[in-house]
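Here is my note on the model, as numbered points. Please read it with the structure open.

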Amino acid sequence: MMRISSLSATYPNGFNAVKKADLKLSSGEILALVGESGSGKSTLIYASLGLLPKGSSVSGKVFFDDIEFFALPKEGQRKIRWKKVSLVLQGTMSSFTPVLTIKRQFLEAMEEHLSLTPGEAMAKAVELLEEVGLEGNFLARYPHEMSGGQKQRCAIAMALCCDPDYLLADEPTTALDVITQAEIMNLLKGIAKRRNMGILMVTHDLALASSTADEICVMYQGCTIETERSDIIIKSPKQPHTIALVRSLSMMEE
Amino acid sequence: MSFWRLDTLFLAFLSLLALLTPLLGPVNEAVAPPFCKPLWLDHESGKPLSLNAKDNSLSFTWESKPPKTFSVKGTVTFEGVPKSAALLLAGPSKTYKLVDLAGYRNFDVDIDSRDVPLKLFLGLSPFVDVSNVIFSERGAYSLFIASDVKAHLDLNLNIYTGKWGIFGTDQRGRDVFRLTLAGIRISLLVGIFATLIASTLGMGLGLFAGYLGGLADSSIMRGVDVLLAIPTLPILVVISGVWGRGLWQIVFVLSIFSWMGTARVVRSLTLSLREAPYVEGLRALGAPTGYILARHFIPEAMPLLLAQMALGVPGAILAEAGLSFLGLSDPLMPSWGRMLHEAQVFGAFTSGAWWLIFPPGLGIASICLAFISVGRRFEEMADPRLREMAER
Amino acid sequence: MTEEVASVESLTLTFDKIDAPALADVSFCLNEGESLALVGESGSGKTSLLRLLLGLLRPTRGKVRLFGQPLDDVDGEELRRIRRKCSYIPQDPFGGLPPTLSPLQAVVEPLIVTRPNLKYEGTNKAKELLSDLGIEETLWNRKLVQGFSGGQRQRIMLARALITDPKLLLADEPTSMQDVSTRMDLINLLKVYLKNGMSMIFVTHDLLLAKAMTLRGIVLYRGRMCETGPTHLLLRDPLHPYTKALVSALPKLGKPIEVKVKRRPLPVGFKGCPYLALCPYGFDRCKDLPPMKQLSDARSVACFMGDTSQGT
């Protein structure tokens, strides 16, 4: 289980983006962190991995299984990132260097964190690509030669290369069309079940969260105001902000 | 980001100096003998002296080794016509008659110790140093008129010891410090005007080339290529031979050869701005091209332009200094490059007279550094990526 | 008899050196006071269609008419006059606003540009629109380059488009960056203008949003029309396999998403149904382009399956 306990984060310019947030992610399940722009949801997952810009202040505790992340030295934290928990960034532009082929970027990630021979690394890369529904020959492509959906699948495959226990995804399907979005969501569901992996997904789309995630955590103005199983939270939301969100969605669907 | 930092303060100070120096008077006149050392450098010679005698006489003491030269200039008026009168300089033991004033009602005195007539009048050989003889002793001296009619004096006695001022004098006896100050004006004028004209030209051509495209674009860019291939300095040499050596000739030529960089950069910017959706929307509403260029493209190009200008000024200043150093500038123009040229020609480099070299050299270096620093800050404002690097 | 505001006939657009057309054989007609949705994902040609409507692009084939005037037959002054009755909201909120202006200046600008001599002095209308759209007064004079979120920019672009009281609004994903709560405000504001006689072409990939905003819709895939009809029917009873896929891919509260697609690479220069790239069915005859079949007064489908009389 991944646990975030009373996490607060402030940016260098003084903006307090996250205020005492609590979160629990169980293995094999998908938890969706839902909030509007400015609610602090992206900040929360970057803060929990120690990835906020220099000068930010973070307080609170983050546990990956029983390991307390912030208590570890810098080197220990580096080992946890990518091996125990990995990250899929918002906007596929950020995941890839435009001047290298996918193969180079994959191998670079794997050589850094595992010690495989080039042959073993290649075989693993092909295996991962097939797991996300792409053919092995995608390795030879450059990022600009792939569509948005294909890039996102690659990014997920790269995030899985060290067999992490947890995957954090920041708005994985914004900027993708609905059909590709549906495919990526189903892919994530399959990965979570197959690998018994816990997936924490940040999104602003409550409907998307409710159809994919097992549990939903709603954030509002930096606080985690409500966490509940997704089917229950839709039927009976308790907090006023959650109620408002659910209501505006049902209005759209009428 | 605060505007006033060291570089902008320095430039503002220099501009103030440039504005005020003309008030100090003409700079091309000799104020002291040539090749005087700075006051604070030479500890053996005495201090130079400048005294004014009114009415009858002037007394002073001389306690150091004999000065290099001295001069007496002014007028003597008698209340009548004297039958015998003379201007005398009396030392501790001897008195010297400098000039015979008998028979004159008014006399304009203009004596310099180097004058050969004076040497002959004093009965000395033309190869002797008069001040060495007269001021050979240390003690009290006085300058006075001996006549049988009352006389009124208005004389200036100047004693030169081979030391003068903060930076000494050059080969013409001009105060090097004053020259250095005057050089600020020339450098700023050339730098700013040349860059201003070049930038305006470059921005205009860049905007046209980028926005209109097609034939206009190709022809302007080919022009840029041709001009970039031409080396500036040889052309400047030819032009100064043909057209004469003046400040504005240099400004003109530098403008013609510096607009290309700006044009290219502005053209790239225009090309990317042209594709922006809001430009399309404005064209759909029927906005005229001139409106779009003036209201949107020029303001967006401003930070870039300011950076280009600030970084172009050092180039112009150095070009002018280079030309002047080669001797291709107006000799009457007190520019730093010219000072360096004259220093070199008259052997300052070989004789180690560093006070003739450092002031103009440091002046050029510091003004260029200041402009580059300001330009760098403009660049940071224009390009957000550089700003991030600066903030880390 | 309501006037025709915009119409296109067999509109085709091909770019140089690119084999597949951006738009192929698109036809529709929009009358005064009507709102039409163009539904499709990126690459469907919807943005090119808007630019063709404004005359910013020339079609390779086909005709475009705005307010009854064919665009290829109209001179500069008349074209300008027609264009001033339209407003265009581009898709990109960061490139769609001039960065050196402030929101107030950006919203007033269309009024300046559309007047002769470029003179206009008022700002009250702009201020009203900005506050209706939720932009606080403290932000009105801050330069746009100094950091406004995508959602705020979209709202400013909407104000900029509505200030001229256009007869025709061409909006390309105008609410994509809004939070769910603010989206309803924008939709309601647009509805007010629609009620006052504005016509609208609303481009989106979200069928639910299309239903909230418009009465009629056209579904586009890779530049071709797949299906047309009332938007609520497109949602409730989709006929074309692409529309069906779009509807089933929509996340619904509490229900898992199940989309049936089969990805097939199509050879270059393929002249059959473009949806064969994703279609879970895909029969032999789909190698020929299915014609657009008019099913009833309002509905038409371009699919051999939607043609119940001919079977499979």
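1. **Chain A against chain C.** Chain A brings 28 residues into contact with 27 residues of chain C; contact here is heavy atoms within 4.5 Å. About 2300 Å² is buried between chain A and chain C, with 64% given by carbon and sulfur atoms. Buried area is the accessible area (1.4 Å probe) that two parts lose on being put together, summed over both. V178(A), I179(A) and M252(A) supply 30% of the area that chain A buries against chain C, more than any other three residues.

2. **Basis of the values.** This is a predicted model, in which local features need pLDDT of at least 70 and side-chain atom pairs count only at pLDDT 80 or more, while totals for chains, interfaces and linings use all residues. Residues are numbered from 1 along each chain as its sequence is written, chains are lettered from A and ligands numbered from 1 in the order in which they are written, and side-chain values use heavy atoms, with hydrogens and water left out.

3. Which residues form the salt bridge here? E183(A) pairs with R263(C), and the closest N and O atoms are 2.3 Å apart. The rule finds one salt bridge across this interface of chain A and chain C. It asks for a side-chain nitrogen of Lys or Arg within 4 Å of a carboxyl oxygen of Asp or Glu. Two residue pairs (both at pLDDT 80 or more) are in polar contact between chain A and chain C. A polar contact is a pair of N or O atoms within 3.5 Å; within protein, one must be able to donate a hydrogen and the other to accept it, and residues adjacent in sequence count only if both atoms are side-chain atoms.

4. **What chain A presents to chain C.** α6, α7 (206–212) and α9 (240–253) of chain A each supply at least two residues of this side. α6(A) gives the most, with eight residues. Helices (H or I, at least four residues) and strands (E, at least two) are DSSP runs, numbered from the N terminus. By type, the side of chain A that touches chain C holds 11 nonpolar, nine polar and eight charged residues. Ala, Val, Leu, Ile, Met, Phe, Trp, Tyr, Cys and Pro count as nonpolar, Asp, Glu, Lys and Arg as charged, and the others, Gly among them, as polar.

5. **Domains of chain A.** Chain A is divided into domain 1 (1–84 + 166–254) and domain 2 (91–163). The bounds come from an automatic or database domain assignment. The C-alpha centres of the two domains of chain A lie 24 Å apart. Together they bury about 1600 Å², 59% of it on carbon and sulfur atoms. On the domain 1 side, W82(A), K83(A) and R195(A) lose the most area to domain 2, together 42% of what that side buries.

6. **Charges between the domains.** How many salt bridges cross the interface of domain 1 and domain 2 of chain A? The rule finds four salt bridges. R153(A) forms a salt bridge with E183(A), with the closest N and O atoms 3.5 Å apart. E183(A) also forms the salt bridge with R263(C). Four residue pairs (both at pLDDT 80 or more) are in polar contact across the domain interface of chain A.

7. **Chain B against chain C.** This contact takes 16 residues from chain B and 24 residues from chain C. Chain B and chain C bury about 1700 Å² between them, 66% of it on carbon and sulfur atoms. E280(B), A284(B) and L285(B) supply 35% of the area that chain B buries here, more than any other three residues. The side chain of E280(B) also meets that of R51(C) in a salt bridge (2.4 Å, N to O). The count of salt bridges between chain B and chain C is one.

8. **Overall form of chain B.** Chain B has 13 helices and eight strands. Its radius of gyration is 31 Å, well over the 21 Å that the globule rule gives for 392 residues, so chain B is more spread out than a compact globule. The radius is taken over C-alpha atoms; the rule is 2.2 Å times the number of residues to the power 0.38. The C-alpha trace of chain B spans about 100 × 50 × 45 Å along its principal axes.
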